[in-house]
Amino acid sequence: MPTYQHRTVTTGDIKTHFLEAGSGPDLILLHGGEYGASAEITWRYNIEALAAKFHVVAPDLLGWGQTDKIYSFSDPAGFRIKHLQRFLETLAIGEAFFVGNSAGGGLILRGAVRRPAPWRIRKMVTICGNASVFKTTSQADLENYTPSLENMKKIVALLYHDPKWRSDDNIRERYESSIVPGAWEALSAARLRSPAHRARSTTEEFVKQLARLDIPLLIVSCEHDPLNQSDWDVNFQKIVPGSKLHRFMRSAHEPQIEETEEFNRVLIEFLLS
């Protein structure tokens, strides 16, 4: 039996689904950005342990899971950040711990450098997420997805190191999540680029903003991650002053699933230290 509740709230006119459990300091868990991701798929093995210490809230982000399928072409990240801000206001959540896997971690970092600050972050953790500053060419394999079990199998192979997690059941669950009406369209919208639009790199400015961060940060990396450069964690730590680093040795991109007990221990230790 799940140790968490499924809840849905409407913020503005956007329906947002989330998981909730426990009591104590507020802890926000943000899932990754791959096709088929959801709060439940990403965090189901962690919530019970975390709920013993925290009030855990894990939303399905815009376009994923059971949350409305919406995408903003004018400000994709900003729209998600603003939605999360309104969602937390609806739940009367103020200062909180923020933990994000992959794109969820990148979203936290992008929110953390915004002024005025959209959220009140006590401490933050990014798991294999650096807002695409140090990604590899394998990232394209994750993003160029046409719905099929065979193509989901390729995505799952990028996420997990241990073959046991590449099971037919896991592939099918993620595939079913990826074909919820509107899900593929909302996630694929990011690929569309107007011929009149001139691409402008904002990475340099983003790195400068990260260097000014004063929020405690834990960088979590994995030894077998095909989606980030092999030394991304060390280089990212150099950018953010005072940040801490933990590398998991038996995971690819989702240590919260592949090394659950160790992950929960490391996370709780950092947040409560």
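A word first: the model is predicted. Keep that in mind.

So, the rings. How many aromatic pairs does the structure hold? It holds 10. Let me show you two.

Start with phenylalanine 18 and phenylalanine 87. They form an edge-to-face pair. The distance is 5.1 Å centre to centre, with 70° between the planes. Where do they sit? Phenylalanine 18 is in strand 2, residues 14-21. Phenylalanine 87 is in helix 3, residues 76-90. They are 69 residues apart in sequence, so the pair ties together separate parts of the chain. Buried or exposed? Phenylalanine 18 is buried, at 0% relative accessible area. Phenylalanine 87 is buried too, with relative accessibility of 0%.

Next pair: phenylalanine 98 and tryptophan 119. This one is stacked. Again we have 5.1 Å centre to centre, but here 20° between the planes. Phenylalanine 98 belongs to strand 5, residues 95-101. Tryptophan 119 is in the loop between helix 4 (103-112) and strand 6 (120-127). The two are 21 residues apart, and the pair links distant parts of the chain. Both residues, phenylalanine 98 and tryptophan 119, are buried.

Last topic: charges over rings. Look at arginine 110. Its charged end sits over the ring of phenylalanine 206, 4.4 Å from the ring's centre. Then find lysine 123. Lysine 123 lies over the face of phenylalanine 270, and the distance to the ring centre is 5.1 Å.

Terms used: Residues are numbered from 1 along each chain as its sequence is written. This is a predicted model: local features need pLDDT of at least 70, side-chain atom pairs count only at pLDDT 80 or more; totals for chains, interfaces and linings use all residues. Side-chain values use heavy atoms; hydrogens and water are left out. Rings of Phe, Tyr and Trp (its six-membered ring) pair if their centres lie within 6.5 Å; planes under 30 degrees apart count as stacked, over 60 as edge-to-face and the rest as tilted. Helices (H or I, at least four residues) and strands (E, at least two) are DSSP runs, numbered from the N terminus. Buried means under 20% relative accessible area, exposed over 50%, partly exposed in between (1.4 Å probe, protein chains only). A charge sits over a ring if NZ of Lys or CZ of Arg is within 6 Å of the ring centre and within 35 degrees of the ring normal.
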